[in-house]
Amino acid sequence: MAGQEQRRRGVILVPFPYQGHINPMLQLGTILHSRGFSITIIHAKFNSPDPSNNPEFVFHSIPDNLSVNQKSSGDILGIILALNFNCQTPFQECLVQLIEQQDQHGEISCVVYDELMYFSESVASHLRIPTIILRTTTAATFVSRLTLQNLKAEGYLPLQDSMLLDPVPDLQHLRFKDLPISILGTPEIFFQLISHVSNVRKSSAVIWNTTECLEKSLLMQLKQHFQVPIFPIGPMHKFAPTSSSSLLEEDTSCITWLDKQTRNSVLYVSLGSLALMDISELTEMAWGLANSKQPFLWVIRPGIVNGSKWIEFLPRGFVESIAERGYIVKWVPQKEVLAHDAVGGFWSHCGWNSTIETISEGVPMICKPSFGDQRVNARYVSQVWKTGLHLENNLESHEVERTIRRLMVDEEGEEMRHRARELKEEVEQCVRNGGSSNNHLEDFVKLISSF
């Protein structure tokens with residue numbers, strides 16, 4: 001009887017509509033559904049997740065009133081602020097309707113919202129529904145945001161060029177240039193946003209898609225910072241391996257190509273769902289890959305170069321020069337690719353989803369971050385966990401070639417591969433019964449069951 005009662009309890013999830021945020025939110029939904037909760041996703045129309053990927057969930061789309069220009073602008077800060085203004089009323093209307101239907105669909109236990117969809121908290125609190133924050137970045141990123149706020153208050157911003165390589169006081173491992181300062185929007189809007197994001201408000205807890213074996217000291221620091229419990233339950237994709245939420249069509253033909261390659265020989269290259277580059281960068285990257293003489297699987301998103309339909313801006317003669325040694329696709333099933341025996345390295349933008357998926361498979365990395373938390377992640381991969389190389393300078397084909405060979409061929413890369421395998425084992429211990437992430441997950445389920 002108790003099990004039947006729990007199955008009737010529902011959790012509302014509110015994702016931020018970008019790939020790196022949708023993934024962990026839907027993974028969380030899969031985890032909670034397996035624990036007996038019904039899952040309802042309330043999402044903006046912009047970048048709507050595909051309900052057919054999660055038929056066990058109920059999806060409700062709410063109007064976001066974003067203009068065509070806003071959606072195509074690339075101004076993520078502006079989009080965040082617009083969503084938080086535009087979605088509040090339709091979210092409340094949707095939530096009220098769901099409350100009125102509780103007798104039919106079960107009692108709503110709580111609302112879990114992405115930290116960037118902070119309007120959700122005020123609406124849910126007004127309706128007397130408990131709320132929980134999902135943070136899709138690292139504890140290190142959160143602490144570095146707090147540091148940025150302190151630096152601003154102390155008059156250190158904007159940063160002087162002479163400071164960029166200096167270590168940040170009281171922030172181990174990071175230099176000033178590694179701080180997650182936005183390159184988009186105005187500084188005023190950026191600091192307005194991180195003030196909203198850092199504020200727990202009336203939420204009952206915070207979930208992190210990270211794990212103690214990666215960030216134990218920082219998580220201990222944050223437990224002292226917050227007045228509510230925190231639950232580092234990552235890597236969440238390890239608890240929800242069947243969950244799928246890709247906004248782009250995945251080309252599975254790459255798996256057949258990988259099957260033909262030798263173990264640890266292939267460099268997988270993908271700069272994520274948002275990063276952009278110019279034609280000169282694409283050209284230098286292409287010739288660096290070709291001249292390295294290493295097999296590679298390269299994801300080139302349509303539009304990664306402004307105005308491109310796909311690979312028409314690759315340099316003349318490049319495709320012919322790589323023959324069967326390279327395979328180029330628009331998008332891949334990334335977790336499957338990283339788990340493939342043929343993959344011996346990953347050149348990544350270091351978004352946190354990509355980084356934690358790579359760590360979980362014991363694959364060393366080449367880090368080329370673009371903005372925000374990617375800089376923090378790249379620094380931790382290269383300097384703290386020591387499982388990757390950081391490409392910090394402008395892309396230049398000779399440097400690209402040299403870095404690829406360092407990772408894929410040289411003894412230095414083999415040492416990183418060994419450390420990556422050790423870190424993979426530590427992560428696996430965290431998600432096993434009795435591991436820290438598993439224990440935090442059990443405590444989190446107990447909390448939301450008590451509401």
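The following is a conversation about a predicted protein model.

User: What kind of model is this, and how are the residues numbered?

Analyst: This is a predicted model, in which local features need pLDDT of at least 70 and side-chain atom pairs count only at pLDDT 80 or more, while totals for chains, interfaces and linings use all residues. Residues are numbered from 1 along each chain as its sequence is written, and side-chain values use heavy atoms, with hydrogens and water left out.

User: How many salt bridges does a search of the whole structure find?

Analyst: The search finds 18 salt bridges. A salt bridge here is a side-chain nitrogen of Lys or Arg within 4 Å of a carboxyl oxygen of Asp or Glu. Side chains of opposite charge can pair when their charged atoms come close.

User: What does Arg9 pair with?

Analyst: Arg9 forms a salt bridge with Glu107, and the closest N and O atoms are 3.6 Å apart. Arg9 sits in the loop between α1 (2-7) and β1 (10-14), and Glu107 in the loop between α6 (102-105) and β4 (108-114), so the pair ties together parts that are 98 residues apart in sequence. Helices (H or I, at least four residues) and strands (E, at least two) are DSSP runs, numbered from the N terminus.

User: Is Arg9 buried or exposed?

Analyst: Arg9 is buried, as its relative accessible area is 11%. Glu107, at 46%, counts as partly exposed. Buried means under 20% relative accessible area, exposed means over 50%, and partly exposed lies in between (1.4 Å probe, protein chains only).

User: And which side chain meets Arg175 in a salt bridge?

Analyst: The side chain of Glu392 meets Arg175, at 2.7 Å from N to O. Arg175 is in the loop between α8 (139-153) and α9 (187-198), whereas Glu392 is in the loop between β13 (388-390) and α18 (397-408), so this pair ties together parts that are 217 residues apart in sequence. Arg175 is buried, with a relative accessible area of 9%, while Glu392 is partly exposed at 33%. Both residues belong to a network of salt bridges that also links Lys177, Asp178 and Arg379.

User: What about Asp341, where is its partner?

Analyst: Asp341 forms a salt bridge with Arg263, with the closest N and O atoms 3.5 Å apart. Asp341 lies in the loop between α15 and β11 (343-348), and Arg263 in the loop between α12 (253-259) and β8 (266-270), so the pair links parts of the chain that are 78 residues apart. Arg263 is exposed, with a relative accessible area of 59%.

User: Changing topic: which residues of helix α7 are buried?

Analyst: In α7 (residues 119-126), the buried residues are Phe119, Ser120, Glu121, Val123 and Ala124. They pack against β1, α4 (76-86), α5 (88-100), β4 and β5 (131-135). Just after α7, Arg128 takes a positive phi of about 60 degrees.

User: Which residues does Leu423 touch?

Analyst: Apart from neighbours within four places in sequence, Leu423 is in contact (heavy atoms within 4.5 Å) with Leu214, Ile359, Trp385 and Thr387. Leu423 is in helix α19 (residues 411-431), and it counts as buried at 8% relative accessibility.

User: And Thr40, where is it?

Analyst: Thr40 is in strand β2 (residues 38-44). At 13% relative accessibility, Thr40 counts as buried. Not counting residues up to four places away in sequence, Thr40 touches Val11, Ile12, Leu13, Val58, His60 and Leu98.

User: Which peptide bonds are cis?

Analyst: The bond from Leu157 to Pro158 is cis, with omega near 0 degrees, and Pro158 is in the loop between α8 and α9. The bond from Gly234 to Pro235 is also cis, with omega near -5 degrees. Pro235 lies in the loop between β7 (230-232) and α11 (236-239). Most residues other than glycine have a negative phi, and most peptide bonds are trans.

User: What is the phi of Cys350?

Analyst: Phi of Cys350 is near 70 degrees, a positive value in a residue other than glycine. Cys350 is in the loop between β11 and α16 (352-360), and at 0% relative accessibility it counts as buried. Arg201 also has a positive phi, near 55 degrees, and is partly exposed, with a relative accessible area of 28%.
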